[in-house]
Amino acid sequence: MKLRILFAATTALFVASPGLAQEQPAAPQPTAPAGESQELPTIDVTDESAQDLTIIIPPMPTQQVVSTPAGSTDALGRQIAQIVTDNLRNSGLFKPLGPTGVRAIPVSEVSAPDFGYWRGATAQALVHGFVRANGDGNLTVGCYLYDVALGTELAREGFIVSPADWRRAAHKCSDTIYTRLTGEGPYFDSRVIYVSETGPKNRRIKRLAIMDQDGANHRFLTNGQSIVLTPRFSPDERRIAYMSYQDDKPSLYVYDLNARTQRLLVTNVSLAFAPRFSPDGRWILFTMSVAGNADVYRIAAGGGTPQRLTTAPGIDTGGSYSPDGSKIVFESDRSGSQQLYVMNADGSNQQRISFGGGRYATPAWSPRGDLIAFTRMGGGFRIGVMNPSGGGEKLLTDAWGDEGPSWSPNGRVLLFSRGAQGPSGKSDIWSVDLTGSTSRRIPTQLDGSDPSWGPLRP
Amino acid sequence: MAKVKTALIVATMAVAVVGCQKKRPETLPPGPGGPVDPGPAPGPGGGGAQPGTAEHFKQNVVSDTINFDFDQYDIDARARQILDSQAQWLMQYPNTRISLEGHADERGTREYNLALGDRRANAAKNYLAARGVSPARITTISYGKERPIALGSDEASWAQNRRAVTIVIN
C-alpha cells in the first residue's frame with residue numbers, strides 16, 4: 001500500500017467537531033498567511049520509506065503556569081506533546097522527535113516558528129501547541145502544524161476540554177496532524193472495548209474492559225464471574241453488544257455505557273453469539289444456534305423477534321455489515337470448511353468470496369468499504385484482507401494464533417487477538433496497519449482478547 | 001481570523017464511562033475440574049455413591065465424556081459405547097436431568113468453535129434421545145474453546161479437548 005503524504009499549502013483546515021469543543025486558537029502573535037498557490041514538494045511514503053518523514057514536537061508551552069485537576073499547565077504541555085509523539089510513531093508513518101531532547105519554545109513562537117532553527121534540525125514538519133487554563137476550569141489546547149522547508153502553516157486547531165479529558169485534546173491534535181499529512185481519516189481519538197483475561201488456560205477469567213486506543217483510561221465493566229466474549233461497540237459508542245455466560249445461559253447482552261446497565265437481547269435460546277451492530281445502530285446481527293444448526297439472524301437493537309438471514313445446514317456465523325448497510329459478509333462451512341460469503345442485507349444472493357487455501361473466519365468489513373479483514377487458518381492463524389469480491393488477498397501477520405480483526409475508524413489499522421501457543425493460555429491485543437509492516441502489542445493491564453475498535457469520538 | 005467554536009463542554013463525557021457492575025448474581029460456569037474429576041475410587045461394581053446421583057452416574061457409565069475428530073461432530077463407535085451406557089443409566093433413573101457440555105480444541109476461531117461445541121452437544125443429545133432418553137431431560141451448553149481440560153498445544157491435548165461431557169443435574 002502506498003500512502004501519499006502531501007505538503008500542499010492549502011489554508012489550514014478547520015473541522016468543527018461536536019462534543020469536543022473546538023476553537024481556532026487565538027494566536028499569541030499574528031501569523032503570516034499561508035501561500036495558496038505555491039508549488040510544493042510531494043512526499044511519497046511507501047513501506048520502505050515510511051520512517052523518512054521527520055516531525056519535531058517540542059513541549060507545548062503555557063503562557064501562565066496554572067494548577068489544574070489534571071496537573072499544572074506546563075506539565076500538561078509536555079505530556080500532550082509526548083502523546084502526540086507516541087501516536088505518530090505508533091502509526092508507523094513518521095519519525096517523530098520530541099518532546100525530550102528538543103528545544104523548548106516560548107509561547108511567542110507557537111504561531112511564529114523559528115523556521116531557520118528547525119531547518120538546522122533537519123525537520124520536515126513541525127508541531128507547535130500551547131496549553132491554557134481557562135477561567136471556567138476548562139483547558140484550551142492549541143495545535144499547529146508547519147512545513148519547515150517552506151515556512152508555511154499546514155493546519156491549526158484548538159480544543160477545549162475539561163481537565164479530565166486532557167488526553168483527548170492530545171489525540172485530536174494527533175488526528176489533525178495525521179489527517180493533514182496523509183489524507184487519511186482520523187483515528188487516534190477513539191476507544192477500544194475488549195475482553196480482559198487472566199488465570200490459567202483451563203479457567204480463564206474474562207471481563208469486559210474499555211480503554212483509549214493507546215491503552216490509557218483503562219477500566220473494567222464486568223466483574224469476571226461470568227465468561228464474556230466478543231464485545232462490539234455500537235456506532236454511537238454508547239452501547240456494547242456482547243456475549244455472556246451469565247446464569248449458565250450463553251446469550252447476548254447490550255451494555256449501556258451511560259446508564260451502566262445491561263439488558264438481555266435474545267431470550268429463550270440455548271446459544272446466541274457473534275453480535276455486530278448495523279452501521280445505523282438500529283440492528284444487531286448475531287448467530288443463533290437451534291438444535292445444533294447455527295445461522296445468522298438480525299434483531300432490533302432494542303430487542304424483538306429475530307429474523308433469520310441464512311438457512312444453510314452448516315455453521316453460518318460472524319456476520320458483518322458493509323458500511324452502507326446494504327450487504328453482509330459472513331463465514332460458513334457449507335462447502336465443507338469455513339469460507340467467507342457475501343449476501344444482501346435481507347439474506348438474498350449469497351456468494352462465496354474466499355477461495356485460497358485453508359479456512360477463513362471472522363470477516364470484518366472495513367468502515368471505508370474497500371476491504372474485508374479476516375482470520376485465515378492453515379498452519380497458524382493469520383490476519384489478512386481482501387476486497388469485497390474476494391480479490392487482492394493480502395496476509396498482514398504471521399503468527400501462531402492471530403484472530404478476530406477489528407478496524408480502526410479510518411480503515412487503516414486493525415486490532416486483533418494474538419494467542420500464545422502452549423499451556424500459558426496467554427493472549428494479547430495487537431495492532432497491524434494495512435502495509436503489514438507496522439505491528440505492535442497494545443498495552444493492557446492484564447491479558448486481552450476480542451478487541452473491538454470504537455468509532456472516532458465526537 | 002475566523003473562529004470556529006462549538007460550545008459543547010466535554011465534562012459530561014468524563015462521566016459517561018462506567019466502572020464495574022457488581023450487583024448481578026453471576027455464577028461461574030463449571031470448570032473442567034468439576035465434571036471430569038474421576039471421583040474417589042470409581043469401582044466397577046458401582047462404588048458407594050447414592051443411586052441416581054451425579055457421582056453414581058460417573059461410577060456406573062463407561063465414561064461421562066465422548067471425543068470427536070478435528071472439526072467433526074459425528075458419534076463414532078467408541079462414543080456410541082459410552083452413550084449407550086449413559087442411556088442405560090438414564091433410563092434407570094428417569095427423574096434425573098442432564099446437561100451436555102460441548103467443547104472444541106483451540107484450532108478454530110472463537111465464534112465458530114461455539115457453534116462447533118453446540119453441534120457436538122446436540123449430536124450427543126440426539127443419540128441419547130434415539131436411545132429412548134426424553135429430550136426434555138437434556139439441556140445443552142457450548143463452551144467452544146473456552147474451557148480446555150488439556151493445556152498443551154499438541155495433538156494429544158487437542159484430542160482430549162474435542163469433547164462432549166454429560167453432567168447429571170438433579
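This is a predicted model: local features need pLDDT of at least 70, side-chain atom pairs count only at pLDDT 80 or more; totals for chains, interfaces and linings use all residues.
How many residues of strand S27 (residues 372–378) of chain A are buried? Six of the seven residues in this strand are buried, and S27(A) is therefore described as mostly covered, a residue being counted as buried if 20 or more other C-beta atoms lie within 10 Å of its own.

On one side, S27(A) pairs with strand S26 (residues 359–365) of chain A; the two strands run antiparallel and are joined by five bridges. Within this pairing, Ala361(A) has Thr375(A) of S27(A) as its bridge partner. S26(A) and S27(A) form a hairpin with six residues between the strands, and in this hairpin Gly369(A) adopts a positive phi near 85°.

S27(A) also pairs with strand S28 (residues 380–386) of chain A, in the antiparallel sense and over seven bridges. The hairpin of S27(A) and S28(A) has one residue between the strands, and Gly379(A) in the turn has a positive phi of about 80°. As a general principle, the strands of a sheet pair through backbone hydrogen bonds, in either a parallel or an antiparallel arrangement.

## The sheet S22-S23-S24-S25

Chain A contains an open sheet of four strands, arranged in the order S22-S23-S24-S25 with antiparallel pairing. Strand S22 (316–321) and strand S25 (351–352) of chain A stand at its edges; each has a single partner strand, so one side of each is left without a neighbour in the sheet.

Four bridges connect S22(A) with strand S23 (residues 327–332) of chain A, and this pair is antiparallel.

Another open sheet of chain A is formed by four strands in the order S30-S31-S32-S33, and its pairing is antiparallel. Its edge strands are strand S30 (402–407) and strand S33 (439–441) of chain A, each of which pairs on one side only. Direction ignored, neighbouring strands of this sheet are turned by 25° against each other on average.

Within the sheet, strand S31 (residues 413–419) and strand S32 (residues 427–433) of chain A form an antiparallel pair with seven bridges. Phe416(A) stands opposite Trp430(A) in S32(A).

## The two domains of chain A

Chain A is divided into domain 1, residues 3–182, and domain 2, residues 190–456. Seven residues from domain 1 of chain A and nine residues from domain 2 of chain A take part in the contact between them.

Which helix provides the largest share of the side of domain 1 of chain A that touches domain 2 of chain A? Helix H1 (residues 73–90) of chain A does, with three residues. By type, the residues on this side of domain 1 of chain A divide into one nonpolar, three polar and three charged.

## Chain B

Chain B has six helices and four strands. Along the sequence, these elements follow the pattern α-α-α-β-α-β-α-β-α-β.

Of the 170 residues in chain B, 39% are buried. Among the contacts in chain B with a separation of 6 or more, 68% are between residues 24 or more positions apart.

Definitions and conventions:
Residues are numbered from 1 along each chain as its sequence is written. Chains are lettered from A and ligands numbered from 1 in the order in which they are written. A residue is buried if 20 or more other C-beta atoms lie within 10 Å of its own, exposed if 12 or fewer, and partly exposed in between; C-beta atoms are placed from the backbone. Two residues are in contact if their C-beta atoms, placed from the backbone, lie within 7 Å. Two strands pair if DSSP finds at least two bridges between them. Axes are lines fitted to C-alpha atoms, for helices over the stretch in contact, and angles run from 0 to 180 degrees between N-to-C directions. Domain bounds come from an automatic or database domain assignment. Ala, Val, Leu, Ile, Met, Phe, Trp, Tyr, Cys and Pro count as nonpolar, Asp, Glu, Lys and Arg as charged, and the others, Gly among them, as polar.
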